[in-house]
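Please open the structure in a viewer and keep the selection tool at hand.

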Amino acid sequence: MTVINDKFTVNTQGSTDIIDITQKVKHAVYSHSIKDAVVHVYVAGSTVSITNIEFEPGLLVDLPEALDKIAPVNADYHHDATWHDGNGYAHVRASIVGNSTMVPLIDGALQLGQWQQIVLIDFDNKARTRAVYVQIVY
Ligand code: ZN
């Protein structure tokens with residue numbers, strides 16, 4: 001088994017900022033000219049997520065609206081009572097959505113659907129720089 005570790009950073013605005021990172025992931029994977037592999041895309045942090053979406057204007061509103069029903073920004077959170085950083089909602093959202101995705105690489109092509117993009121969602125209540133790890137296992 002061989003493991004290749006690649007990495008890039010993403011600057012975000014926070015506040016459920018949804019950023020399409022598909023091209024950055026493709027660039028990282030295709031630069032190694034590998035045929036078949038498991039590609040893991042992971043972001044470090046407890047107020048940020050990685051998931052898949054059709055990156056179109058409607059869903060970029062629908063997903064934040066859905067998450068706002070589950071973990072509203074202005075609800076009371078035990079986390080905020082303890083740490084006073086006002087981002088309890090961000091931690092809850094990040095835990096629910098998750099912080100990684102896996103894409104199979106087959107015959108040199110990432111197997112993403114035509115309308116399936118990989119996105120980073122930064123829920124924190126301030127701008128952040130996030131480290132995204134692309135681990136290629138074959
Ligand atoms: Zn916090």
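Begin at the zinc ion: its four donor atoms subtend angles of 89 to 165 degrees, which makes the arrangement irregular. The coordinates belong to a predicted model. Select His79 (NE2), Asp85 (OD), Asn87 (OD1) and His91 (NE2), the protein donors, which lie 2.0 to 2.3 Å from the zinc ion. Along the chain, these donors follow the spacing H-x5-D-x1-N-x3-H.

Next, select helix H4, residues 88-97, where valine 92 is located. Isoleucine 96 also belongs to helix H4. Together with Ile70, Val92 and Ile96 make a nonpolar surface patch of about 250 Å². Valine 92 is partly exposed at 32% relative accessible area, and isoleucine 96 is partly exposed at 48%. For a distance across the model, pick the C-alpha atoms of isoleucine 96 and isoleucine 4: they are 28 Å apart in space and 92 residues apart in sequence.

Arginine 93 is buried, with 2% relative accessibility; aspartate 68 is partly exposed, at 36%.

Now turn to the open sheet, in which five strands are ordered S1-S8-S3-S5-S6 with antiparallel pairing. Strands S1 (3-12) and S6 (109-110) stand at the edges with a single partner strand each, so one side of each has no neighbour in the sheet. Within the sheet, select S3 (residues 37-43) and S5 (residues 100-106), antiparallel strands joined by six bridges. Valine 41 has threonine 101 in S5 as its bridge partner.

How many salt bridges does a search of the whole structure find? The search finds four. Another of them to display is that between the side chains of aspartate 107 and lysine 35 (3.4 Å, N to O). Aspartate 107 lies in the loop between S5 and S6, and lysine 35 in the loop between helix H1 (22-30) and S3, so the pair ties together parts 72 residues apart in sequence. Aspartate 107 is exposed at 56%, and lysine 35 is exposed at 52%.

Finally, select arginine 128 and aspartate 124, whose side chains form a salt bridge (2.5 Å, N to O). Arginine 128 is partly exposed at 30%, while aspartate 124 is buried at 3%.

Key:
Residues numbered from 1 in each chain as written. Predicted model: local features only at pLDDT ≥ 70, side-chain atom pairs only at ≥ 80, totals over all residues. Heavy atoms only, no water. Donors = N, O, S within 2.8 Å, 3.2 Å for Na, K, Ca; no water. Tetrahedral: all angles 85-135°; square planar, octahedral: opposite > 155°, others 65-115°. Pairing = 2+ DSSP bridges. Helix = DSSP H or I, 4+ residues; strand = E, 2+ residues; numbered from the N terminus. Patch = residues over 30% accessible without salt bridge, like charges linked within 9 Å, V, L, I, M, F, W, Y side chains within 5 Å. Areas by Shrake-Rupley, 256 points an atom, 1.4 Å probe, with all protein chains shown as cover. Buried < 20%, exposed > 50% of the residue type's maximum accessible area, 1.4 Å probe, protein only.
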